[in-house]
Amino acid sequence: MHKKMSVPKPDIPKRNNALLNVVTPLGLEFAKNRLSIGENIGKVYGIIRYPQKVGVGWLAKITNLPSTIVSIGWRPIDNATLIHAISRSVVQQRGIADGAKDPLSRQRAEKAAEDGEQIILQIDREGETVGLMSVSVMPVAKDEKSFQKVCRRAESLVNVLKCKIRAIPNLQKEAFQHLSPSFATNPKMEAILQKVVPISTLVGGFPFAGSGFNDGAGYCFAQDTGGGLVIVDPWQRGGDRTNSNFVVMGIPVWGNPLPSSTSSFQSL
């Protein structure tokens, strides 16, 4: 009588969920007006209109929005072609202003013609470079309440700057690719977002300027008026900082001494 030989079962390694979370990409899900990145909720906006004049540092206010990711694209274009196009537009606006019957249409046409002549002066005489600029903004949050708050804050700030911002419906995947540094620019998004602006508008906006105060280490002490973090290392030395003394001022209410007292005890 022959005995059956038992075949040893291969050892199946246990599933390492921690390792899988590190090496596998985050789950992406795209809806009509939002997207999900792992456990976070996001929505990609695009700025589709800019005012005739902007102030110094206007882009820094957008790039320093808390809980947002901002992407700025720039592509130089031929100045000669643009000058001819603006010249034709100035002539057209002058004709509209001369034939307008109501004061509002006349004022708008005259203003557009004056702005066009100013741009021609900057490009032709001063040799300023112009290009196609696109700005995308994506608020991100982990819960619905925070997400709605961040979206309203972004919309309000951009509207205060007299720019027009809108969500990109049905194109959230393409908008995320256009925003992400791991993808090339998307032609559909370029057609929607790219606007002709002088390079002084981009450079004068200081898009890489940071708000807040950051020692690189220490304690998260407060937030400034722009929402930037104030991170202070009381033991840092260098430059004009020769000791650990600093003054905290605020409205005289009961809760103000608490952060300063907490930081003082933690630094001991």
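**Strand β4 and its surroundings**

Two bridges join strand β4 to strand β6 (residues 130-141), and the two strands run antiparallel. The model is predicted. In this model the protein has 268 residues, of which 31% count as buried, and its secondary structure comprises nine helices and eleven strands.

Pairing of β4
- Within the β7 pairing, G46 stands opposite R166.

Burial of β4
- Strand β4 spans residues 45-49, and four of these five residues are buried.
- The strand is therefore largely enclosed by the rest of the structure.

Cysteines
- C151 has a relative accessibility of 3%, so it falls under the 20% cut-off and counts as buried.
- C163 has a relative accessible area of 5% and is therefore buried by the same cut-off of 20%.
- The count of disulfides in the model is zero, with a pair of cysteine sulfur atoms within 2.5 Å as the criterion.

Whole protein
- Of the contacts between residues at least 6 apart in sequence, 69% join residues at least 24 apart.
- The accessible surface of the protein is about 18,500 Å².
- Carbon and sulfur atoms account for 57% of that accessible surface.

Technical notes. Residues numbered from 1 in each chain as written. Predicted model: local features only at pLDDT ≥ 70, side-chain atom pairs only at ≥ 80, totals over all residues. Heavy atoms only, no water. Buried < 20%, exposed > 50% of the residue type's maximum accessible area, 1.4 Å probe, protein only. Helix = DSSP H or I, 4+ residues; strand = E, 2+ residues; numbered from the N terminus. Pairing = 2+ DSSP bridges. Contact = heavy atoms within 4.5 Å. Areas by Shrake-Rupley, 256 points an atom, 1.4 Å probe, with all protein chains shown as cover.
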